[in-house]
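Please look over the structure below before reading on.

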Amino acid sequence: MLNGILKAARSLLVEPSCPFCRQPVDAFASGLPCPDCRRRLGVPSAVLKGEDPLPWQALAHYSGAVRTFVNRQRKAPEPSRLNGLVQLLADRCTVEKDAVLVPIPSWRRQQRRSFADLIATGLGMEHRPILRRTRAGVGQHNLNRQQRLANLRGVFSVDNTGVAHNNDRIIWLVDDILTTGGTAMAARSALEASGHRVAGLICLARTPSPCRDLRYRRRQGDTPG
């Protein structure tokens, strides 16, 4: 209700439009991609969900236009378009009201905010960047599942500074893409070893099968995690 009122109020100052095609939209859909752009991107009408290898929720499959969009956003984020898809994900995913979001840090050494952190911020819930990479690791694009798991062993630590008294809060991990789930499982293990409860993962896209082994010659996606 409050989000709807805020969107309507903003529409009095700025004409609401789709962040992708810039065509006018209803005031209550301000900032969200219009139905035509959702179809062009291949975004389904409901959030995707699964339980393997951990509970996960995703906006779309990592293929076609969504894959192209995500790869472009990793290199040069476009705030209005990225926020449009993230807000759509926020409206559709179902998580506990008092849950805390924890973004999974990138394996790349970088100064700017990670892509997962941008997504967590856009979801509009409390989020805490308490996961740390203990080492940079290597890119996982050309590794099979077993090699990925070995590469990720012990790669995360948890910085509980100032949040130890809230360890009873349920955590949802946040990342851009879910592929084999090795990165998410390693992150969950580190958090649970530190006393946190992890419910699952929220991501923009889920790589469609068959792609358990990323060397599969017909794979439809590639991702760090």
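Angles between axes count as roughly parallel under 35 degrees, as roughly antiparallel over 145, as roughly perpendicular from 65 to 115, and as oblique in the rest. This is a predicted model, in which local features need pLDDT of at least 70 and side-chain atom pairs count only at pLDDT 80 or more, while totals for chains, interfaces and linings use all residues. Residues are numbered from 1 along each chain as its sequence is written, and side-chain values use heavy atoms, with hydrogens and water left out.

**The chain as a whole**

- The protein chain holds seven helices and seven strands, where helices (H or I, at least four residues) and strands (E, at least two) are DSSP runs numbered from the N terminus.
- Read from the N terminus on, the elements of the protein chain follow the order α-α-β-β-α-α-β-α-β-α-β-β-α-β.
- Of the 225 residues in the protein chain, 49% are buried, a word that here means under 20% relative accessible area, with exposed meaning over 50% and partly exposed lying in between (1.4 Å probe, protein chains only).
- Among the contacts in the protein chain with a separation of 6 or more, 73% join residues 24 or more positions apart, a contact being heavy atoms within 4.5 Å.

**Helix H3 against helix H4**

- Two packed helices are described by the angle between their axes and the distance between the axes.
- The axes of H3 and H4 lie 11 Å apart and pack at an angle of about 125°; such axes are lines fitted to C-alpha atoms, for helices over the stretch in contact, and the angles run from 0 to 180 degrees between N-to-C directions.
- H3 and H4 are therefore oblique to each other.
- The crossing of H3 and H4 is left-handed, which is the name used if the near helix is turned anticlockwise from the far one by less than a right angle, with right-handed used if it is turned clockwise.
- On the H3 side the meeting residues are Phe69, Arg72 and Gln73, and on the H4 side they are Arg81, Leu82 and Leu85.
- By class, this contact of H3 with H4 has three nonpolar, one polar and two charged residues, where Ala, Val, Leu, Ile, Met, Phe, Trp, Tyr, Cys and Pro count as nonpolar, Asp, Glu, Lys and Arg as charged, and the others, Gly among them, as polar.
- Arg72, a residue of H3, counts as partly exposed at 38% relative accessibility, and touches Glu78 and Arg81 when residues up to four places away in sequence are not counted.

**Helix H4 against helix H5**

- Helix H4 (residues 79-92) and helix H5 (residues 115-122) have axes that come within 9 Å and cross at roughly 60°, and that makes H4 oblique to H5.
- H4 passes H5 in a right-handed crossing, with Leu82, Val86 and Gln87 of H4 and Phe115, Leu118, Ile119 and Gly122 of H5 making the contact.
- The contact of H4 with H5 comprises five nonpolar, two polar and no charged residues.

**What is buried in H4 and H5**

- The buried residues of H4 are Leu82, Gly84, Leu85, Val86, Leu88, Leu89 and Arg92, and their cover includes helix H2 (35-41), strand E2 (56-61), helix H3 (64-75), H5 and strand E7 (197-206).
- Leu85, placed in helix H4, counts as buried at 4% relative accessibility.
- Leaving aside residues up to four places away in sequence, Leu85 touches Phe20, Pro33, Leu41, Val43, Leu59, Phe69 and Leu204.
- In H5, the buried residues are Phe115, Ala116, Asp117, Ile119 and Ala120, and what covers them includes H3, H4, strand E3 (100-103), strand E6 (170-178) and E7.

**Loops and backbone details**

- Most residues other than glycine have a negative phi, and most peptide bonds are trans.
- Arg22, found in the loop between helix H1 (2-11) and H2, has a positive phi of about 65° although it is not a glycine.
- The peptide bond from Asp52 to Pro53 is cis, with omega near 0°, and Pro53 lies in the loop between strand E1 (48-50) and E2.
- His127, in the loop between H5 and strand E4 (131-133), is partly exposed with a relative accessible area of 26%.
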